[in-house]
Amino acid sequence: LVSTMGKKNKNKGGGGAPKPESDEDELAEGVAGVDLAGGAAAAAPFSFTPAKKGEKPAAAGTFGFPGGAAAPAGGAPAFSFATGGNAPAGGAPGAFSFNFSQPAQEEGDVDDDDDEDHDDDDDEDGVDPVEEFINSLPEPQQMAVKVLTEYDGEIDELEKGFRAELRELERKYEAKYAPIFVKRSEVVKGTKNFSGGDGQGVPDFWLRAMKNCMCLSANITEKDEVILKFLTDIESETLPESEGVGFKLTFHFAKNEFFTNEKLTKVYSMADAGDDPVLEKAEGTPIEWNDGKNVTVKIKKKKQRNKNGKGTRVVTKTEPCESFFNFFSPPKIPGQDGEDVEELDEEEFEHRQMELESDYEMGTAFQERIVPHAVKWFTGEAEDDDDEDDEDYEFDEEDDDEEDFDEDEDEPPRQRGGGGA
């Protein structure tokens, strides 16, 4: 199946196939006759006829395979597609998850249509579908599955040992990188003598490197830039095995007027859960801001008149605002520190999830891109994966002209990578 999300229809207004009368017709037509390898339509590898609303799926829906084979008796029509790659059970390659469960929806939150579709599919008896399937097998096959499951457990243990050795290998090479990173830091700060150097170092080295990485630059404000000019080094290290699975970032700052910390840290603690990372906790250093220098909040002053009409007073309120330095006060994973997940509404839950995804993306950008190859990000030589993703989408120029954007015509075009002169 080909996803067209993010691409504009170039046959706008064209005389294509008539629009299906319902979503169910569209699903049936969209599945049958699709060549998954690309190109023209091929003979359908299977057909799917959805049940009508109000009918039981097993009774009305059909799910056929080549040769006339049918779906298992009593089972609702279902199908799946391989995601590619050697994904571990329960996850697609490159997937990222958090170690928490989504809160249960309250009564009335689900549409009536969804209720109708799932009335017969809900776990009425609380039966595990996997267990139900195994119990449906002949007894000899059930015993075979039991033995195979034991073998799979042995594989799990070997994979766990492999990951532990891989982390140890990462620490071994981090120790080899360290002397080189020290020399790099000395050159950047201007404390290392070398042929042709003037002892001034490279001003704004880390700031420019960060601004050339899209997921980082999107979180840097003008006020942040003033502070990040004092950033002298960034380090990344794999956590010691005794502290668990994860990594630690350390940001070193020269003395400045904004805060008293000489360094700020960010620690990501992960679950040892295979190839797909599962974030358990993220913690940052509390920043010791000097008075009036906290760029993560905005101060609002409002005059308040006395109820008796005699005199006024000034009420000061602080509100959080966008800033890169919010990176050191990461959002909490729902359920962390005794929080009741059920008290979160769906909107708050999704908002928290988006914040966590963005925070983790920034952390891995430092760990995997900025720290190992900082000079390439400083010069703009490094390729940004986000830029490559944008190239995957094609837009029709005529359609683009029809869009209405509120852009400042006098705004100069942004330089590649967001770096300044």
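Student: In which helix is the place of leucine 169?

Tutor: This is a predicted model, and the helices in it are numbered from the N terminus. Leucine 169 has its place in helix α5.

Student: Is leucine 169 buried, partly exposed or exposed?

Tutor: Buried means under 20% relative accessible area and exposed means over 50%, with partly exposed in between. The relative accessibility of leucine 169 is 42%. Leucine 169 therefore counts as partly exposed.

Student: Which residues make the nonpolar surface patch of about 490 Å²?

Tutor: A residue needs over 30% relative accessible area to be part of a patch. Leucine 169, at 42%, is partly exposed, and it is one of the residues that make this patch.

Student: Where does glutamate 157 lie, and is it buried or exposed?

Tutor: Glutamate 157 lies in helix α5, which covers residues 139-189. The cut-off for exposed is over 50% relative accessible area. Glutamate 157 has 55%, so it is exposed.

Student: Which residues gather in the patch of negative charge on the surface?

Tutor: Asp and Glu count as negative. Glutamate 157 is one member of the patch. The residues that gather there are Asp152, Asp156, Glu157 and Glu159.

Student: What share of the residues in the chain is buried?

Tutor: The chain has 421 residues, with twelve helices and nine strands. A residue counts as buried under 20% relative accessible area. The buried share is 24%.

Student: What part of the accessible surface of the chain belongs to carbon and sulfur atoms?

Tutor: The accessible surface of the chain comes to about 29,600 Å². Of this, the part belonging to carbon and sulfur atoms is 48%.

Methods
Residues numbered from 1 in each chain as written. Predicted model: local features only at pLDDT ≥ 70, side-chain atom pairs only at ≥ 80, totals over all residues. Heavy atoms only, no water. Patch = residues over 30% accessible without salt bridge, like charges linked within 9 Å, V, L, I, M, F, W, Y side chains within 5 Å. Areas by Shrake-Rupley, 256 points an atom, 1.4 Å probe, with all protein chains shown as cover. Salt bridge = Lys/Arg side-chain N within 4 Å of Asp/Glu carboxyl O. Charge placed at Lys NZ, Arg CZ, Asp CG, Glu CD. Helix = DSSP H or I, 4+ residues; strand = E, 2+ residues; numbered from the N terminus. Buried < 20%, exposed > 50% of the residue type's maximum accessible area, 1.4 Å probe, protein only.
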